[in-house]
Amino acid sequence: RKRNTSMYDGWLLRIRRSRDRLLEDIRGAKFFAEVHEKTFSRLPLPPVTEEIVSAISSARHADFNLVFWAWLGAVALADHGRASVYLPGAGIKSSLSLLLMVGAESGTGKSAATAEFLDFFKKIDEKILLHYEELNVKVAVDNRVRARRMRELCNSYARTGNPEQYEEMLQVEKERKNKLVPPCFTLSEITSAAYSRRMASQGFVGRIDPEGIPLPKGAADQIRKYWSGEPHAQDRISRGQTVSYDPAIVDVTFTQIRPFQALLDDPEANNRGLIARTLIYRHLPSEIIYRHERYPLSDEIRQRMENVLSQIIGALDAVHEKACFSMELSHDAEQFWNSENELWMQRLRNWEELWKIEEWVRRIGEHALRIAGILHLAEYFNPETSPIKESEIRLAFDIVEVFPITRRYVLVVRLMSVNKPVHAMLPYGFWSTTWKRSLQLN
């Protein structure tokens, strides 16, 4: 009798735990019901961003929200790690590195949303390649001249042993140049080794992929350091050591739902902090929004878009130098950032819905800083001389508020995606009249 009572108590405890988990997921589903009222197309975006994104959305007949994220990625990539956002009161500096994963069904316009920006960066990479080919011709000629001078000095030094000629040989050897590797804004090889090589040679790596795959699983620590701007070194026997001291990464990936869900379920990505540093957005096909009727993208808008991005990139022959600058928050903007950040920490303590994404919520302030910096960079000709206003920080927090709701939705979809009714997934005997009443979704 005692053993049967113990088994019954254990069985009842499991039922209660199952009930509690289901209640939590259903509350999350109810919490998510507000998402369609909080899409980016309804926010008061800055004029430059509003004009460009609206025009491309209408011309390409692509969802405004997807074009908006592609535009943010394009601006951050054009910056290639030069700009940072600075809070003078707190002494906090944040780069504009951006990790964004958008999950969307097939046929929702992922390629259409990114096409204009990818065409632009393709042209930029081609211009850089041609420029560096010319530079490498000069390098080859200079090296031949130095090689001939070196032979003359070696022959003379072998006869005379003159120490001055030896010093001159050392100087000639120091002046010998290696072939220049052209910077590349769009990286196609998605491996840890490729990221490490590119980061060491140019100081940044970038990708905007409309049908991409998540970042390599074995590179979570590496990517986390890139996002935080921390130095990173990688040793390999085949290629020696590669070191990056001031890294920047922009990875904007639009992917199908299955790899999108796999990334969220990946324990390594969660435990190593990669998900906490990534903006996760689940696109809803029912929420496709167009600002205007479809019409061709005018040459004027395309030229404006290219001018904005080209201005942010700067001189093509100085891309690898990364002349850095900071954009400061105004006093009012910093005060609002502190109060809003504290408000989210209070929500984290009080809202059970946010516990599962605690690490992400603790970085919500930094995510807002980066989005505000990217929008500010696109809006001003000299962004470092114009402080980031309170209204820009407010807008950034309005944007990032969508992500915790999206994360909660993904957690609930995991339950609802099973091809069974909800009650069929519960333990035998769970669906009592009392508990049915407690699960009503009014």
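Me: Is Lys110 buried or exposed, and how is that decided?
Reply: The cut-offs apply to relative accessible area: buried is under 20%, exposed is over 50% and partly exposed lies in between, with a 1.4 Å probe and protein chains only. Lys110 has a relative accessible area of 2%, so it counts as buried. This is a predicted model, in which local features need pLDDT of at least 70 and side-chain atom pairs count only at pLDDT 80 or more, while totals for chains, interfaces and linings use all residues. Residues are numbered from 1 along each chain as its sequence is written, and side-chain values use heavy atoms, with hydrogens and water left out.

Me: What share of the protein is buried?
Reply: Of the 442 residues in the protein, 48% are buried.

Me: Which residue forms a salt bridge with Lys110?
Reply: A salt bridge is a side-chain nitrogen of Lys or Arg within 4 Å of a carboxyl oxygen of Asp or Glu. The partner of Lys110 is Glu211, and their closest N and O atoms are 3.4 Å apart. Lys110 belongs to helix H4 (residues 110-160) and Glu211 to the loop between strand E4 (204-209) and helix H7 (220-228), so the pair ties together parts that are 101 residues apart in sequence. Glu211 is partly exposed, at 45% relative accessibility.

Me: How are helices and strands assigned, and how many are there?
Reply: They are DSSP runs, numbered from the N terminus: helices are H or I with at least four residues, and strands are E with at least two. The protein has 16 helices and nine strands.

Me: How many salt bridges are there by this rule?
Reply: The count comes to 20. One of them joins Glu175 and Arg146, at 3.8 Å from N to O. This pair links distant parts of the chain, with Glu175 in helix H5 (residues 163-175) and Arg146 in helix H4, 29 residues apart. Arg146 is buried at 18% relative accessibility, whereas Glu175 is partly exposed at 37%.

Me: Where do Arg370 and Glu366 lie?
Reply: Both are in helix H13, four residues apart, which is about one turn of the helix. Arg370 is buried at 2% relative accessibility, while Glu366 is partly exposed with a relative accessible area of 27%.

Me: Which residues are linked in a network of salt bridges?
Reply: Arg60, Glu116, Asp299 and Arg302 are linked in this way.

Me: Which residues touch the most other members of the largest nonpolar core?
Reply: In soluble globular proteins, nonpolar side chains tend to be buried together. A nonpolar core is a set of buried Ala, Val, Leu, Ile, Met, Phe, Trp, Tyr and Cys residues joined through side-chain atoms within 4.5 Å. The largest core here has 84 residues, and Phe68, Trp69, Trp71, Ile393 and Ile399 touch the most other members. Helix H3 (residues 64-79) gives the most to this core, with 13 residues. Another core, of 20 residues, lies apart from it and includes Leu99, Ile190, Val205 and Ile275.

Me: What does Trp69 touch?
Reply: Contact means heavy atoms within 4.5 Å. Leaving out residues up to four places away in sequence, Trp69 touches Phe40, Leu100, Val252, Phe254, Leu279, Tyr281, Ile371, Ile399 and Phe403. For the protein, among contacts with a separation of 6 or more, 78% are between residues 24 or more positions apart.

Me: How much space lies in the largest pocket?
Reply: On a 1 Å grid over the protein atoms alone, where a 1.4 Å probe fits, a pocket is an open set of points with protein on both sides within 12 Å along at least five of seven lines; lining residues have an atom within 4 Å of a point. Points are joined across faces, edges and corners, and the volume is the space filled by probe spheres set on them. The largest pocket holds about 240 Å³. It is lined by 18 residues, and Ala83, Ser84, Lys93, Ser95 and Asp246 are the closest to its centre.

Me: Which elements supply at least two residues of that lining?
Reply: They are strand E1 (83-87), strand E2 (92-95), strand E9 (325-328) and helix H13 (364-379). E2 gives the most, with three residues.

Me: Where is Val139, and what does it touch?
Reply: Val139 is in helix H4 and is buried at 9% relative accessibility. Not counting residues up to four places away in sequence, Val139 touches Lys177, Asn178 and Leu180. The C-alpha atoms of Val139 and Lys179 are 6.9 Å apart, and the two residues are separated by 40 residues along the chain.
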